[in-house]
Structure formats: structure tokens, C-alpha cells
Amino acid sequence: MAANATTNPSQLLPLELVDKCIGSRIHIVMKSDKEIVGTLLGFDDFVSILSKSGDDMVLEDVTEFEITPEGRRITKLDQILLNGNNITMLVPGGEGPEV
Amino acid sequence: MGQQTTNTVEEPLDLIRLSLDERIYVKMRNDRELRGRLHAYDQHLNMILGDVEETVTTIEIDEETYEEIYKSTKRNIPMLFVRGDGVVLVAPPLRVG
């Protein structure tokens, strides 16, 4: 993915940090009051026009947290494909909200 | 694919470049605010922030008096990735008092 011509070339790109996280635990904060913790298997990045709506992620051994109802937990195992449209933040190595 | 560095401010993203390695304030959609050190960004405003304090603000309505109660929840996160489409504004940290 091309960086801006004015970007410092020695700068770490944000998506490179996500790439380094593959194989580790990751904590994903959604736009709604929901958070997901899992092991990151991979992510995609539709280049150019579609890249903003891209960034789907594949996770396994997933736990889903809903914040509002006092941190209720929904545990899903196996693998999920998470649509990137609703992601707000990613925390590499995070374990989720403290409950 | 030549990349050049320049010290002049030519476009809005250059103002963010000036904040690299500095602490910044990020206002996001859904009533979230972040204060942290900017480590990286890209043209989508995806960012990597370090040493972050996240503030989530909610408004509760008292069922009897109907008054609005503002509550904010804070948490500290050592390192995180911010998805650019949630970012509303980026600024140097607000100085209070």
C-alpha cells in the first residue's frame, strides 16, 4: 500500500502494527458498546477506494463482551470473520475490559 | 514509488506529521476521546497511539427528574491502533486550567 509522498519513509505504518500482531491475542473495540478478544489469524485490506471499508479480520478462540449490561460475556470458540466496518480500535495483546 | 520527506506544510495531513511522537488529543465518534502519544498514521487517519487514556462519555436520563447526568469512563491502554473512519478531530492536548 502506497504511503503519501510527504510521509516519513522510516515511519511504522499503522497496518504494519496490525500485521505484527498476527498469531497473538488482540482486543478489538467496536463502534457500539461491544468488544471482542481473540487470536488474530489474518486481515485483509482492499486497496485504494475500498480500503476504508475493508480490514475484515479472522479470529479464533473468541470472547465477545457487551459493555452496557454490566460486562456480560458471550464466549464463541472456533473462528470468526469480523467485518471491519464497525471496528473503532485495536489493542494488540489486550485481554479485554476488566470485569 | 519514490518517497520524499519534506519539512514544509503543504496539506492538512502535514499538520498531523508535525505531531509525530508528541502527545495528542483525538476526538472520535460515539462519544469517545483519546489522549496518547502519536507513533504512526496513514492517509485514512488510521493511527497508532501509545500510553493512551480513553474516555467514554454517556448521558443518563433520571427517570423522575428527567435531568441529564453526564458520566465518563476512563481506562488506560499501553498501545493501540485507531481505525481512521472513527476519527473526528486530532489536536494537541487540551490544557485545562
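Colleague: Is Tyr66(B) buried or exposed?

Modeller: First, a caution: this is a predicted model, so local features need pLDDT of at least 70 and side-chain atom pairs count only at pLDDT 80 or more, while totals for chains, interfaces and linings use all residues. Residues are numbered from 1 along each chain as its sequence is written, chains are lettered from A and ligands numbered from 1 in the order in which they are written, and side-chain values use heavy atoms, with hydrogens and water left out. Buried means under 20% relative accessible area, exposed over 50%, and partly exposed in between (1.4 Å probe, protein chains only). Because its relative accessibility is 63%, Tyr66(B) counts as exposed.

Colleague: Where in chain B is Tyr66(B) placed?

Modeller: Helices (H or I, at least four residues) and strands (E, at least two) are DSSP runs, numbered from the N terminus. Tyr66(B) has a positive phi of about 60° although it is not a glycine. Its place is in the loop between strand 3 and strand 4 (68-82) of chain B.

Colleague: And what is the phi of Leu45(B)?

Modeller: Leu45(B) sits in the loop between strand 2 (32-41) and strand 3 (47-61) of chain B. With 21% relative accessibility, Leu45(B) counts as partly exposed. Though Leu45(B) is not a glycine, its phi is positive, at about 70°.

Colleague: What pattern does chain B follow along the sequence?

Modeller: Chain B has one helix and five strands. Of its 97 residues, 37% count as buried. Read along the sequence, the pattern is α-β-β-β-β-β.

Colleague: Which residue forms a salt bridge with Asp51(B)?

Modeller: A salt bridge is a side-chain nitrogen of Lys or Arg within 4 Å of a carboxyl oxygen of Asp or Glu. For Asp51(B), the closest N and O atoms are 3.7 Å apart, and the partner is Arg23(B). Asp51(B) lies in strand 3 and Arg23(B) in strand 1 (residues 23-28) of chain B, so the pair ties together parts that are 28 residues apart in sequence. Asp51(B) is exposed at 54%, and the partner you asked for is Arg23(B).

Colleague: How many residues apart in sequence are the parts that Glu53(B) and Lys74(B) tie together?

Modeller: The side chains of Glu53(B) and Lys74(B) meet in a salt bridge, at 3.7 Å from N to O. Since Glu53(B) lies in strand 3 and Lys74(B) in strand 4 of chain B, the parts they tie together are 21 residues apart.

Colleague: Is Arg83(B) buried or exposed?

Modeller: Arg83(B) forms a salt bridge with Asp85(B), with the closest N and O atoms 3.3 Å apart. Asp85(B) is partly exposed at 29% relative accessibility. Arg83(B) has a relative accessible area of 3%, so it is buried.

Colleague: Over to chain A: which side chain makes a polar contact with that of Glu64(A)?

Modeller: A polar contact is a pair of N or O atoms within 3.5 Å; within protein, one must be able to donate a hydrogen and the other to accept it, and residues adjacent in sequence count only if both atoms are side-chain atoms. Glu64(A) is found in strand 3 (residues 57-66) of chain A and is buried, at 8% relative accessible area. At 2.9 Å, its partner is the side chain of Lys34(A).
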